[in-house]
Amino acid sequence: MKTKLNDITEVIRSKNAGPYELTFDIMFRDYDGFERVCKAGVINEQLVCDIFKVQREDIIGIVEFHPAKAMKITIKRPIPSGNLGETDVYGAQQHAPLLGLEFDL
C-alpha cells in the first residue's frame, strides 16, 4: 500500500540556509509516520538526487531529528540566491517535488 508523504506530515517547506544552500523541512503529524519513514530509509541521497536534480556531492545533509519528529535536507543551491538567472531568492518554493512523494511503508 502506498503512503503519501503529504498525508503523514504537518509541514513540508523549503527556505534559504544562506545564499549558497537550500534546506527542506519535513515535519510529521505523529511519531508513527516519522518512525516508519526513517526505518524504511525512503528519504535518502538517491531520492534527493532524483527529485531535485542534484549530484550526491551537492547534498550537505539529511538529518532525522527525533525529538521534533522531523527531517531536514540541505543541498547546495544550483544558483546562489539573488544571482542572475535565479528565480526564488528566498528558496520558499523549492519544496514542490516533495509534495507528490509516495512510498511503500
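Reply: Let's start with helix α2, where Leu-47, Val-48, Cys-49, Ile-51 and Phe-52 are buried. Buried means under 20% relative accessible area, exposed means over 50%, and partly exposed is in between (1.4 Å probe, protein chains only). Helices (H or I, at least four residues) and strands (E, at least two) are DSSP runs, numbered from the N terminus.

Me: Before we go on, what should I know about the model and the numbering?

Reply: This is a predicted model, where local features need pLDDT of at least 70 and side-chain atom pairs count only at pLDDT 80 or more, while totals for chains, interfaces and linings use all residues. Residues are numbered from 1 along each chain as its sequence is written, and side-chain values use heavy atoms, with hydrogens and water left out.

Me: Thanks! What covers the buried residues of α2?

Reply: The cover includes β3, β4, β5, α3 and β6 (102–104). Contact here means heavy atoms within 4.5 Å.

Me: And what happens at the start of α2, and what follows the helix?

Reply: At the start, a side-chain oxygen of Asn-44 comes within 3.1 Å of the backbone nitrogen of Gln-46. A polar contact is a pair of N or O atoms within 3.5 Å; within protein, one must be able to donate a hydrogen and the other to accept it, and residues adjacent in sequence count only if both atoms are side-chain atoms. After α2 comes Lys-53, with a positive phi near 55°.

Me: Switching topic: how many aromatic pairs are there?

Reply: There are two aromatic pairs. Rings of Phe, Tyr and Trp (its six-membered ring) pair if their centres lie within 6.5 Å; planes under 30 degrees apart count as stacked, over 60 as edge-to-face and the rest as tilted. The pair of Phe-24 and Phe-52 is stacked, because the ring centres are 4.3 Å apart and the planes are at 25°.

Me: Which elements do those two sit in?

Reply: Phe-24 is in strand β3 (residues 21–28) and Phe-52 is in helix α2 (residues 45–52), so the pair ties together parts that are 28 residues apart in sequence. Both Phe-24 and Phe-52 are buried.

Me: What about the other pair, Phe-28 and Phe-34?

Reply: Phe-28 and Phe-34 are edge-to-face, at 5.5 Å centre to centre with 65° between the planes. Phe-28 has a relative accessible area of 2%, so it is buried. Phe-34 counts as buried because its relative accessibility is 0%.

Me: What does Phe-28 touch?

Reply: Not counting residues up to four places away in sequence, the contacts of Phe-28 include Leu-5, Ile-8, Gly-33, Phe-34, Val-37 and Met-71. Lys-69 is also one of them, and the charged end of Lys-69 sits over the ring of Tyr-31, 5.3 Å from its centre. For that, NZ of Lys or CZ of Arg must be within 6 Å of the ring centre and within 35 degrees of the ring normal.

Me: Now α1. Which of its residues are buried?

Reply: In helix α1 (residues 31–40), the buried ones are Gly-33, Phe-34, Val-37 and Cys-38. They cover an arc of only 130° around the axis, so they are on the same side of α1. That arc is taken from the directions from the helix axis to the C-beta atoms. Their cover includes β3, β4 (59–65) and β5 (70–76).

Me: What caps the N-terminal end of α1?

Reply: Asp-30 does, with a side-chain oxygen 3.2 Å from the backbone nitrogen of Asp-32. Gly-41 follows α1 and has a positive phi, near 65°.

Me: Which residues touch the most other members of the largest nonpolar core?

Reply: Of its 25 residues, those are Leu-5, Ile-26, Phe-28, Ile-43, Phe-52, Ile-75 and Leu-98. A nonpolar core is a set of buried Ala, Val, Leu, Ile, Met, Phe, Trp, Tyr and Cys residues joined through side-chain atoms within 4.5 Å. β3, α1, α2 and β5 each give two or more residues to this core, and the largest share, five residues, comes from α2.

Me: Last one: is Ile-60 buried or partly exposed?

Reply: Ile-60, in strand β4, counts as partly exposed because its relative accessibility is 44%. Leaving aside neighbours within four places in sequence, Ile-60 is in contact with Glu-21, Thr-74, Ile-75 and Lys-76.
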